[in-house]
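Colleague: I'm new to this one. Can you walk me through the fold?

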Amino acid sequence: NLISYFLMSSTLDQIRRPPISLIKLIECVGTLLNIPKSVEKSAYRAPLPSNYDSTIEKLKSDFYGILNKLSSLQSSDIKNDIASDFYNKTLEPGFDYEDAINAGGLLVRELFNVVFLILLRLQCDGNRLPIKQFNKLVLVDGTRSSYVAFDTACHIHNHGTLNILAFTVTDEDAEAHDVSGHAAHLLRDLTRRCKQHYKFQDHCFKVIGVSCNMQNLENQPQILEQQLIESDSSVFVMGISEYNIGEAGTGALALWATWQFAGDIILCKGMSPIRPFSQVRSSRTFLVYLDSKDNHQLIFLKAIKFMRPGDSILMMTIVESREPVGDSRDTRYHFGRKSGYWISGPTAPENEPDSVGWNDKGVENLTKSLQEMIDNSFLDGEVQIKTKSPDYSNGKIICDSAFAANADMIVLGTINNRDSIIECVRESNCSIIVIK
C-alpha cells in the first residue's frame with residue numbers, strides 16, 4: 001500500500017519520533033562509526049546520552065557509502081571497547097528486527113543485515129575478547145572479602161547476567177528484627193551499588209536473597225549449587241577470609257567450589273583493592289600462568305573472557321634451566337650411555353641438555369607464540385619466562401612475579417596445578433581465578 005511504500009522510500013531523518021528499536025539500531029551503527037554520545041537534547045526524542053542525532057546526520061550525507069564501509073569491516077578492524085559497547089547495545093531490551101523495519105522500511109533492513117554480519121564476524125573470531133554471554137554468580141554475605149568478590153564480579157561482568165546472592169545466616173539466639181534488618185540492608189545496598197556505583201541497567205543484574213540457619217551451614221554447598229543451576233551460571237565468585245583451602249568456614253566452601261564445581265571459580269581476598277570512586281572503572285592486570293603441560297591456546301582463550309577493554313595481561317610460564325644436565329665429572333653423559341650426544345654435524349641431536357643454552361631455541365619459539373596470542377587479541381601485555389629453581393616452588397615463583405608486576409588477578413588451570421593453587425591462595429594478595 002501507499003503507506004508502506006512511503007516508509008520504504010523515505011529517509012531516516014524524516015521519522016521524527018522513532019520507536020526504541022530503531023533508536024537502538026542507529027546507536028549501534030553510531031558505535032561502529034565511533035560517533036560519541038551526546039547529552040544535548042535530541043531532536044528525535046532519543047533517551048540521553050545518545051549518538052542518534054549525529055548518526056542520522058552522518059547516514060543522511062552518504063547512506064550507501066557508509067553501508068558499504070560497514071559491510072567491509074572485519075573483526076581485526078574493531079577495537080575491543082567498540083566491540084563490547086556494540087554488542088551490549090544489541091542485548092538491550094527493545095532491540096527488535098521486525099519493529100524497527102516496520103518503522104524504517106528497506107533502509108533499516110539493510111542496516112540490520114550489516115549489523116548482524118559484523119556481529120557474526122566478531123563472534124567467530126576466537127582470538128579477541130569474547131563477544132558472547134555467560135552468567136556469573138557472586139556470593140555476598142556482608143564481609144569485606146565478599147564485597148571485594150562483588151567488586152571483582154562487577155569488573156569481569158560484561159555480557160550476560162550478573163546474579164548476586166545476598167547470603168545471610170540466621171541464629172536462633174539473635175533478635176528476629178536484627179536478622180531481617182541485616183538481610184533487607186544487604187539487598188538494598190547491593191541493588192544501589194549496581195545501579196549507582198557500577199551503572200548497570202536493570203536487565204544486566206539480579207539480586208537474590210537467601211538465608212541459612214547457623215546449624216545448617218554444612219548445607220551451604222548444596223544451596224549454592226542449586227542457585228548456580230537456576231541462574232545458569234558458569235562462573236562462581238566468592239570471598240575468602242581464611243588463607244587455606246579446605247579448612248572450616250570459607251576455606252571449606254572454597255575447597256568445594258575449586259574441585260567439585262564444574263565451572264570456573266574466582267577466590268577473592270579481603271586485602272584486594274576495591275575501586276573507591278563511583279564513576280571510575282580502573283583497569284586491572286591479569287597474570288596467566290601456563291604450565292608446560294597445559295594447552296596454552298585454550299588457557300589463554302578461557303582467561304581473556306574475564307578481561308575488559310583496558311585490562312592488561314601478563315603471560316608467564318616456568319621452564320627448565322638453560323644449564324646442561326648431568327654435566328659433572330662422575331655423571332657426564334650418564335656414564336657414557338649418552339655417548340651419541342658427542343656427535344657433531346648435521347646428525348647432531350637438537351634440544352638436548354648437553355650444553356649451555358640447550359633450550360634457548362625452544363624458549364624463543366614459545367615466547368614468540370605467546371606474544372602472537374596477545375597481539376591477535378588486541379590486548380596490552382607481555383610474556384615472562386621464568387626458570388625453575390630448586391630453592392623455590394612454582395607457586396612461590398608465581399606469587400613473586402604477581403607482586404613484582406602489581407597484578408590484580410592470578411589465573412591458573414586446575415590440571416597439574418593443585419599445589420600451586422593452594423600456595424597462591426595462601427601466599428598471594430591477588431584474587432585467584434581457577435579455570436576448569
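This is a predicted model: local features need pLDDT of at least 70, side-chain atom pairs count only at pLDDT 80 or more; totals for chains, interfaces and linings use all residues.

Colleague: How many helices and strands does the protein have?

Modeller: The protein has 15 helices and ten strands. Both are DSSP runs numbered from the N terminus: helices are H or I with at least four residues, strands are E with at least two.

Colleague: What share of the residues is buried?

Modeller: Buried residues are 47% of the 436 in the protein. Buried means under 20% relative accessible area, exposed means over 50%, and partly exposed lies in between, with a 1.4 Å probe and protein chains only.

Colleague: And what share of the contacts is between residues 24 or more positions apart?

Modeller: Among contacts in the protein with a separation of 6 or more, 74% join residues 24 or more positions apart. Contact means heavy atoms within 4.5 Å.

Colleague: Now helix pairs. At what angle do helix 2 and helix 5 pack?

Modeller: Helix 2 (residues 20-32) and helix 5 (residues 80-91) pack at about 175°, with axes 9 Å apart. Axes are lines fitted to C-alpha atoms, for helices over the stretch in contact, and angles run from 0 to 180 degrees between N-to-C directions. Helix 2 and helix 5 are therefore roughly antiparallel. The classes are under 35 degrees for roughly parallel, over 145 for roughly antiparallel, 65 to 115 for roughly perpendicular, and oblique for the rest.

Colleague: Which residues make that contact?

Modeller: Helix 2 brings Lys24, Glu27, Cys28, Thr31 and Leu32, and helix 5 brings Ile82, Asp85, Phe86, Lys89 and Thr90. The residues of this helix 2 and helix 5 contact are four nonpolar, two polar and four charged. Here Ala, Val, Leu, Ile, Met, Phe, Trp, Tyr, Cys and Pro count as nonpolar, Asp, Glu, Lys and Arg as charged, and the others, Gly among them, as polar.

Colleague: How do helix 12 and helix 13 cross?

Modeller: Helix 12 (residues 296-304) and helix 13 (residues 360-376) cross at roughly 30°, and their axes come within 11 Å. That makes helix 12 roughly parallel to helix 13. The contact is made by His296, Gln297 and Phe300 of helix 12 with Leu366, Leu370, Met373 and Ile374 of helix 13. The residues in this helix 12 and helix 13 contact are five nonpolar, two polar and no charged.

Colleague: You mentioned Phe300. How far is its C-alpha from that of Tyr289?

Modeller: The C-alpha atoms of Tyr289 and Phe300 are 9.3 Å apart, with the two residues eleven apart along the chain. Tyr289 sits in strand 6 (residues 285-290). Tyr289 has a relative accessible area of 2%, so it is buried.

Colleague: On to the cores. Which residues touch the most other members of the largest nonpolar core?

Modeller: Val138, Phe150, Ile164, Val237 and Ile313 do, in a core of 47 residues. Helix 8 (residues 144-156) gives the most to this core, with seven residues. A second, separate core has 39 residues, including Cys28, Leu32, Leu59 and Leu119. A nonpolar core is a set of buried Ala, Val, Leu, Ile, Met, Phe, Trp, Tyr and Cys residues joined through side-chain atoms within 4.5 Å.

Colleague: Switching to the backbone. Where is the cis peptide bond?

Modeller: The cis bond joins Leu48 and Pro49, with omega about -5°. Pro49 is in the loop between helix 2 and helix 3 (52-61).

Colleague: What about phi at Arg45 and Asn406?

Modeller: Arg45 has a positive phi near 60° and is not a glycine. Asn406 also has a positive phi, about 55°. Most residues other than glycine have a negative phi, and most peptide bonds are trans.

Colleague: Is Arg45 buried or exposed?

Modeller: Arg45 counts as exposed, at 59% relative accessibility. Arg45 is in the loop between helix 2 and helix 3. Asn406 lies in the loop between helix 14 and strand 9 (409-413). Asn406 counts as exposed too, at 61%.

Notes
Residues are numbered from 1 along each chain as its sequence is written. Side-chain values use heavy atoms; hydrogens and water are left out.
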